[in-house]
Amino acid sequence: MQTTVASTVSFNGTGLHSGRPVRMKVQPASAEYGIWFKRTDVEDRDNLISVHWASGVPSPLCTVIRNEAGVEVRTIEHIMAALAGCGIHNALIEIDGPEVPIMDGSAARFVDGLIKAGQRELAAPVRVIEVLKPVEYRDGEAWARLEPSDGFQIDFHISFPDAAIGTQEMSLDMSNGNFVRELSDCRTFCRQADVDAMHKAGLALGGTYENAVVVDGDQVLSPGGLRRDDEAVRHKMLDALGDLALAGAPLRARYVGHRAGHAMTNKLLRTLFDTPGAWRLVECDGQDARKLPGVGVCRSDLPMTA
């Protein structure tokens, strides 16, 4: 059955790019509601934004959604990954600014809060988007693809010149709480040269060595180093789960990303839904539901970093 949070959970922090303090609440919602953001600081126009691929605004640095009134929320990928990874299908997210708080740069604190808040089952079945034939989006050497699968799997490959990251790849079945155990604590990362460029452009104003993994050549500049040797590719998989949550329902598919990012995953979803015969919406039975992210998740699955 569809779920929502059993009680309201609050998150306070700083926006990664804006550097502004922000308060956010994830609140219960009814069946078939989906996930919506409400900008409580906006009062002169429509302040509700649906978390949906059609609301996505292609952006290379983060996931952005915008409504027809021009109201937007940025950097939603980590909270969306947490909701998807915990199996939450319906929620209203109230936020008093334009950007979700970065927290520690991962989804771990969001997951921790959602698990503490608990889940409530709703009187409506879960429906999944079943991918029926491969669809792909390419841009130069980067590409992303969705393929048919009887569950939900993410495969990712990255390659960076900095030896601290280098070439990494990973494949993960997203069922049985694997997102929470294997990906949720993995932080966003960047190169020191990129940080300098973003600062000059007025971006990453809330970024610190504590809420992002910063590398320079073979050096990890963030205190404490890496949480996992392949933390970078794991974070890219976390981002992919959050970006794919804009599909509007859980996916029954295999996602493969090669140097892919936020904008590419949104364009891949648009390609999927624009391709006749590439997908169908099906109701989940009990056996299928056990293959979805979030089923059976408990707090002991969460790495100690939360």
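## Basis of the description

Helices (H or I, at least four residues) and strands (E, at least two) are DSSP runs that are numbered from the N terminus. The model is predicted, so that local features need pLDDT of at least 70 and side-chain atom pairs count only at pLDDT 80 or more, while totals for chains, interfaces and linings use all residues. Residues are numbered from 1 along each chain as its sequence is written, and side-chain values use heavy atoms, with hydrogens and water left out.

## His157

His157 belongs to strand 14, which covers residues 152-159. Leaving aside residues up to four places away in sequence, His157 is in contact (heavy atoms within 4.5 Å) with Thr167, Gln168, Glu169, Gly257, His258 and Arg259. Between the C-alpha atoms of His157 and Val213, which are 56 residues apart along the chain, the separation is 18 Å.

## Gln2

Gln2 lies in the segment that precedes strand 1 (3-5), and Gln2 counts as buried because its relative accessibility is 7%, where buried means under 20% relative accessible area (1.4 Å probe, protein chains only). With residues up to four places away in sequence again excluded, the residues that Gln2 touches include Ala31, His89, Arg120 and Pro125.

An open sheet of three strands runs in the order 6-7-8 with antiparallel pairing, where two strands pair if DSSP finds at least two bridges between them. Strand 6 (56-57) and strand 8 (72-74) are the edge strands, each pairing on one side only. Strand 7 (residues 64-66) is joined to strand 8 by three bridges in the antiparallel sense, and Ile65 has Val73 in strand 8 as its bridge partner.

Note on methods:
Buried < 20%, exposed > 50% of the residue type's maximum accessible area, 1.4 Å probe, protein only.
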